[in-house]
Amino acid sequence: MTKAERIISITLAGILLLTIINSAWFFLGIAKVSIIQWIVFNACAPSGIAFILGLLIYYKTSDRAWLSVAIVPMMFFGTMGLFVFPWNSGMDILVQFSHMIMTLNIAWGLYVILKNKDIRALGYGLLASIIVFIPFIAFTQAYCREHAEEVMKYLNL
């Protein structure tokens with residue numbers, strides 16, 4: 001990875017970290033929900049944390065597979081969130097900004113993998129992403145269905 005690519009990578013991950021901190025501040029500090037509720041009501045946060053951890057492991061090991069480990073949850077909760085959540089108010093725009101940052105981080109990770117034609121790393125990372133995060137996605141969706149009133153209240157839907 002070139003110096004410019006490393007700067008872009010760290011900048012995107014840093015902005016992603018700020019959106020996670022903002023989420024924690026709102027859900028844990030203002031809304032006073034439990035950790036489990038925060039993780040479920042804003043599954044973007046653990047998805048982003050998984051990406052950042054994968055990026056840090058990539059920097060330590062140079063194994064590009066770690067760049068794609070969080071693709072499934074970030075695509076599901078982040079990129080898909082661009083089309084599911086509203087764009088009406090300032091708060092909605094802030095939420096959508098975090099979804100855009102997640103999408104940019106995915107694109108950047110894929111760029112680094114594909115620029116190096118490391119299809120094996122992409123395959124291993126996506127397989128790990130599916131194995132680890134499909135159950136997580138299923139859990140969050142089931143929890144939100146069972147607690148729909150709370151979800152609507154905290155997400156202002």
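Good morning, colleagues. Please keep in mind throughout that the structure above is a predicted model.

I shall begin with the helix packing. Two packed helices are described by the angle between their axes and by the distance between those axes.

Consider α1 and α3. Their axes come within 10 Å and cross at roughly 150°. An angle over 145 degrees counts as roughly antiparallel, and α1 and α3 are therefore roughly antiparallel to each other. The crossing in which α1 passes α3 is left-handed. On the α1 side, the residues that meet α3 are R6, S9, I10, A13, L16, L17, I20 and S23. Their partners in α3 are A45, G48, I49, F51, I52, L55 and Y59. By class, this contact of α1 with α3 has 11 nonpolar, 3 polar and 1 charged residues.

I turn next to α1 and α6. These helices pack at an angle of about 145°, and their axes are 10 Å apart. Their crossing is left-handed. From α1, the contact uses E5, I8, S9, L12, A13, I15, L16, T19, N22 and F26. From α6, it uses M91, L94, F97, S98, I101, M102, L104, N105, W108, Y111 and K115. The residues of the contact of α1 with α6 divide into 14 nonpolar, 5 polar and 2 charged.

The remaining pair is α3 and α6. How do their axes cross, and within what distance do they come? The axes of α3 and α6 come within 11 Å and cross at roughly 30°. Because an angle under 35 degrees counts as roughly parallel, α3 and α6 are roughly parallel to each other. This crossing, too, is left-handed. C44, S47, F51 and Y58 of α3 make the contact with H99, M102, N105 and V112 of α6. Of the residues in the contact of α3 with α6, 5 are nonpolar, 3 are polar and none is charged.

Let me now move to the largest pocket. Its volume is about 860 Å³. Which residues lie nearest its centre? They are F41, N42, F85, V95 and L155, from a lining of 36 residues. The helices that each supply at least two lining residues are α1 (3-30), α2 (35-41), α3 (44-61), α4 (71-79), α5 (81-84), α6 (90-115), α7 (119-146) and α8 (148-154).

Thank you for your attention.

Technical notes. Residues numbered from 1 in each chain as written. Predicted model: local features only at pLDDT ≥ 70, side-chain atom pairs only at ≥ 80, totals over all residues. Heavy atoms only, no water. 1 Å grid on protein atoms, 1.4 Å probe; cavity = no way out; pocket = protein on both sides within 12 Å on 5 of 7 lines; lining within 4 Å. Points joined across faces, edges and corners; volume = space filled by probe spheres on them. Helix = DSSP H or I, 4+ residues; strand = E, 2+ residues; numbered from the N terminus. Axes fitted to C-alpha atoms, helices over the stretch in contact; angles between N-to-C directions. Parallel < 35°, antiparallel > 145°, perpendicular 65-115°, else oblique. Left-handed = near helix turned anticlockwise from the far one by under 90°. Contact = heavy atoms within 4.5 Å. Nonpolar A, V, L, I, M, F, W, Y, C, P; charged D, E, K, R; others polar.
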